[in-house]
Amino acid sequence: MNNQQKLTIEKYLDGELSEQELISFLEELRETPELVHELNLAMEIKGLIFTSQHPNFDTLEEEVLNHLDTDTSSMEDQIMAQIPESKTLKFPKWFKLAIAAQIILIPLLFFILSPIQSATTPAVLIGHVEKVGFDSFVLRGKEKVNIRKGDPLFSKDQIYVQNESSLGMKYLDGSTLKFSSQSFVRLTDIKGQKRVELFSGVLDADIAKQAPGKDMIITTEHSECEVIGTQFTLSSSNVSSLLDVSEGAVRYNKVKSDNSVMVEADHYASASPDESLELSKSTKPLYQSPIVTYFTPEKKVSIEVELHGARSLYLVVSNGGNHKLHDHSAWIDPKIIGPAGEISLTELPMKVAKAGYAEVEVNSGIYGGPLRVNGMDHPIGIAAHATSVVAWDIPPGYNTFTADGVILDSANQRNNPSHHESVQFEVYTSIPEKKLKRLLIRKR
Amino acid sequence: MNELINEIRQGHTDKYRLLVRQLAPSLRSYLAGRLSDFHLVEDLSQEIFIAVFQSLDKFDSKYDFRSWFFTIARNKLNSHLRKTYSKKNLKFAFEEEIQNLVAEVCDEDPDRERKLEHIQTCIAKLPEEALDIIKSRYYTNETVISLAERLNSTENAISSKLFRIRKNIKDCLSTELRHE
């Protein structure tokens, strides 16, 4: 348990964590059972000390029992007893008829008029849920609503995507947004202009052309995107935000500054409080595999890449578009070959080892289990949950990289076809900075 | 406890007093660990006991009453949080998730009442500096930020001290329970 975690527990108990800090704390709790136990102990001791200082049980007993004794019928009797007996008055017949007409007409008028009144302030429907993992929910006002595929989404809805889950939505104009696990977002529609506030997480967007003057606005803690119609991915955390454009162009503004850049296809930009807005060209991989899924034959792809004398090797496993669900992948028997001979990368020191979840494991599976593929255990390999980046310096005399890229059996222990594990294996010889930045945002 | 519950269900409402007496310390302790405003602990305790009484017919005696009782308590606490925060503030949703996560990972402590009998003994055994911190933090509900300022220390140092003090109290409580 580190000092920061100890302090976070105290601040949580003091109610001094912001929304963002609460999200980070929740994520940390999910990953660290020890932290949950420490929080529980802190609450337990706080409660025990309070109760030992205020042993005021008799009052509580009396108040509860008094409440139970006071049932509704006796209350009605008491109230009726206090109301003075009404005097009987005699009214003319025409007066009684007028009163009766009012009693009939007023509710009738109310029924006729109320649909018109309610139509003036309807919830604005903005789209529907296209795909959703388990346990994700929408906060609608103060109501927490569990959502399913096909459910409507309204302006001002706030979506929270649970850990290991994901959510896809489609706007009425066909634009789509996909949110990764642990994303937290608010959707609004102001007179036809779409607004998305991404408080944390990752969103993939495919936006249809928007009406003139109605650019879609997507904000994060550090940045604002003006979108006319394009495809891009935006990642955000309390540390920084990263925009990655694959088609079209997006105007990217850093909040609380005049910095602004136009990010075009195959470029990305990052914004954070301590660095200026940076625009960079995406590094192209030397090799990119087809998408490999749990149901790909043998769950593997054989890889052989010529390194052209490069001195660095970066192996990246990207999620294949399903937002990292159960993407347990591995590089089996990774080695470099050349005039100097053949050497396993598991024997060389890694200079980078980052995984989207848990740790990068050498010669064992995720969480230290076996490197098992199709029921067969492999002794040599590097396992990591996508998205992952591992890297080495290449000694002279080696010019070819070979390995099998695989989906591990641990990706889908229940063999459930609805778990669409899918990854892509990529090989780079220069730093895939964008992938690393995005990983650091998620692994803050 | 099941016998007592059956009697209450059969109309002996006055017997509910015994159930309140038995569970009130644990419930107040549970709530006080999670709420900063201690007046709320009293109000919410009362509300929870009334809600439990009104739901007694739904309790299936195959299950553990204590767990059922604390599930209702947690739900009531969560709905209180929902009412407390404003519409734009989403803290309640995350507070709720955190409380649910704690309930999933950590079982409800069946020794809470027994620990209550020993907590003051364990506090009395603390060194003077620790005792001062505990009194300020838990008797007067002083925040870590305020403690750090007043004691001319840092927030990290105070929270590390609190971490160690809690460990001492936990160990002491375990020893006291063993020696009962």
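## Where chain B meets chain A

In this predicted model, 52 residues of chain B are in contact with 46 residues of chain A (contact means C-beta atoms, placed from the backbone, within 7 Å). On the chain B side, α2 (16-32), α3 (38-55), α5 (91-105), α6 (112-124), α7 (128-139) and α9 (155-178) each put in at least two residues. The largest share, 10 residues, comes from α2(B). Helices here are DSSP runs (H or I, at least four residues) and strands likewise (E, at least two), numbered from the N terminus. By class, the side of chain B that touches chain A has 27 nonpolar, 11 polar and 14 charged residues; Ala, Val, Leu, Ile, Met, Phe, Trp, Tyr, Cys and Pro count as nonpolar, Asp, Glu, Lys and Arg as charged, and the others, Gly among them, as polar.

Now for two helices, one from each chain. The expected span is 1.5 Å times one less than the number of residues.

| Helix | Residues | Reach, first to last C-alpha | Expected span |
|---|---|---|---|
| α2(A) | 13 residues | 19 Å | 18 Å |
| α9(B) | 24 residues | 35 Å | 34 Å |

In α2(A), the buried residues (20 or more other C-beta atoms within 10 Å of their own, C-beta atoms placed from the backbone) are L22(A), I23(A), S24(A), F25(A), L26(A) and L29(A). They pack against α1 (3-13), α3 (33-53), β8 (184-190) and β9 (193-206) of chain A, together with α5 of chain B.

In α9(B), I158(B), S159(B), L162(B), I165(B), I169(B) and L173(B) are buried. Their cover includes α1 and α3 of chain A, together with α6, α7 and α8 (144-150) of chain B.

Residues are numbered from 1 along each chain as its sequence is written, and chains are lettered from A and ligands numbered from 1 in the order in which they are written. As the model is predicted, local features need pLDDT of at least 70 and side-chain atom pairs count only at pLDDT 80 or more, while totals for chains, interfaces and linings use all residues.

Notes:
Contact = placed C-beta atoms within 7 Å. Buried ≥ 20, exposed ≤ 12 C-beta atoms within 10 Å, placed from the backbone.
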